[in-house]
Amino acid sequence: MVRRVENDQQVNRRSGAALALADALALQAEFGHGTDLFCSTEHGFVPIDEPLHALPGSHAAWDQIAAELPTLLRDQSMLRAARALPILSASAQELDSRYLCRAASILGHLVHAYVRSHAEPYPELPAALSAPWKTLSARLDRPAPFLSAADFVGYNWSLRDPNGQRTLENMDVLIPTLGSDAERVSMLTVTEILAQSGPLIAAVIDC
């Protein structure tokens, strides 16, 4: 989903790193929070704006089952809950682009939870998971559906204090699967590293 607006002369005067940063900033400006490419000198490799906490009402069923993931896995009821999901469209007509990242993160986590809960190693996914996940992946220019690092840690955090730093102490996992402190620490330590990488990005561009 890279957008390039510079003419050939401008491109020749700018480094590849600077162009990559410009693309990332343009995407985040266009979609409100970025899509699958997070990069800025201020917030490193996480979105400039905090990840969305909810999808539109039309897709609230995804928000609800995502919020119940720790309970569903603990009670071994994930398979039943996933099979009861309504089939919702992830097309551009039904789901605005600014919701792509949250939707992809939710569905990626749901698919992984479904597979882990199934007795078969490669179970057939319910259409309510597989169909929209394929659509979302295509809209994000992914070669195939998968749970990306962006889905898992880059776009899977919330701030306890909205005005505070993006550090482990000030973040919670947005879509937990276990709901434990061990999960929070292991995941959000990586998120903090990504969030603190802004000076590295600036240094690369300077080089």
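Definition before anything else: I take the expected span of a helix as 1.5 Å times one less than its number of residues. Helices (H or I, at least four residues) and strands (E, at least two) are DSSP runs, numbered from the N terminus.

Ground rules. I am working on a predicted model, where local features need pLDDT of at least 70 and side-chain atom pairs count only at pLDDT 80 or more, while totals for chains, interfaces and linings use all residues. Residues are numbered from 1 along each chain as its sequence is written, and side-chain values use heavy atoms, with hydrogens and water left out.

**Entry: helix H6**

I checked the length of H6, residues 100-117: its 18 residues should span 26 Å at 1.5 Å a residue, and the end C-alpha atoms are 26 Å apart, so the two agree. Then I looked at cover, calling a residue buried under 20% relative accessible area, exposed over 50% and partly exposed in between (1.4 Å probe, protein chains only). Of the 18 residues in H6, 14 are buried, so I noted the helix as mostly covered.

**Entry: whole chain**

I counted 10 helices and two strands. Read from the N terminus, the order is α-α-α-α-α-α-α-α-β-β-α-α. How compact is the chain for its length? I got a radius of gyration of 18 Å, close to the 17 Å from the globule rule for 207 residues, so the chain is as compact as a globular protein of that length. (The radius is taken over C-alpha atoms; the rule is 2.2 Å times the number of residues to the power 0.38.) The C-alpha atoms fill a box of roughly 55 × 40 × 30 Å along the principal axes.

Buried residues come to 47% of the 207. For contacts I used heavy atoms within 4.5 Å. Among contacts with a separation of 6 or more, 64% join residues 24 or more positions apart. The chain exposes about 10500 Å², with 54% supplied by carbon and sulfur atoms; accessible areas are Shrake-Rupley with a 1.4 Å probe, and for residues only the protein chains shown count as cover.

**Entry: around H10**

I found a nonpolar surface patch of about 270 Å², made by Phe-45, Leu-200 and Val-204. Patch residues have over 30% relative accessible area and no salt bridge; nonpolar side chains (Val, Leu, Ile, Met, Phe, Trp, Tyr) are joined within 5 Å, like charges within 9 Å. A salt bridge is a side-chain nitrogen of Lys or Arg within 4 Å of a carboxyl oxygen of Asp or Glu.

Leu-200 sits in H10 (residues 198-206) and is exposed at 51%. Ser-197, in the loop between H9 (181-195) and H10, is buried at 10%. Beyond four places in sequence, Ser-197 contacts Gly-44 and Phe-45.

**Entry: Arg-184**

Skipping residues up to four places away, Arg-184 touches Arg-160, Leu-168, Met-171, Asp-172, Val-173 and Thr-189. Pro-145 is 39 residues from Arg-184 in sequence and 25 Å away, C-alpha to C-alpha.

**Entry: positive phi**

Most residues other than glycine have a negative phi. Gln-76 has phi near 60°; I placed Gln-76 in the loop between H4 (69-74) and H5 (78-83), exposed at 73%. Asp-141 also has phi near 60°, in the loop between H7 (127-139) and H8 (149-154).
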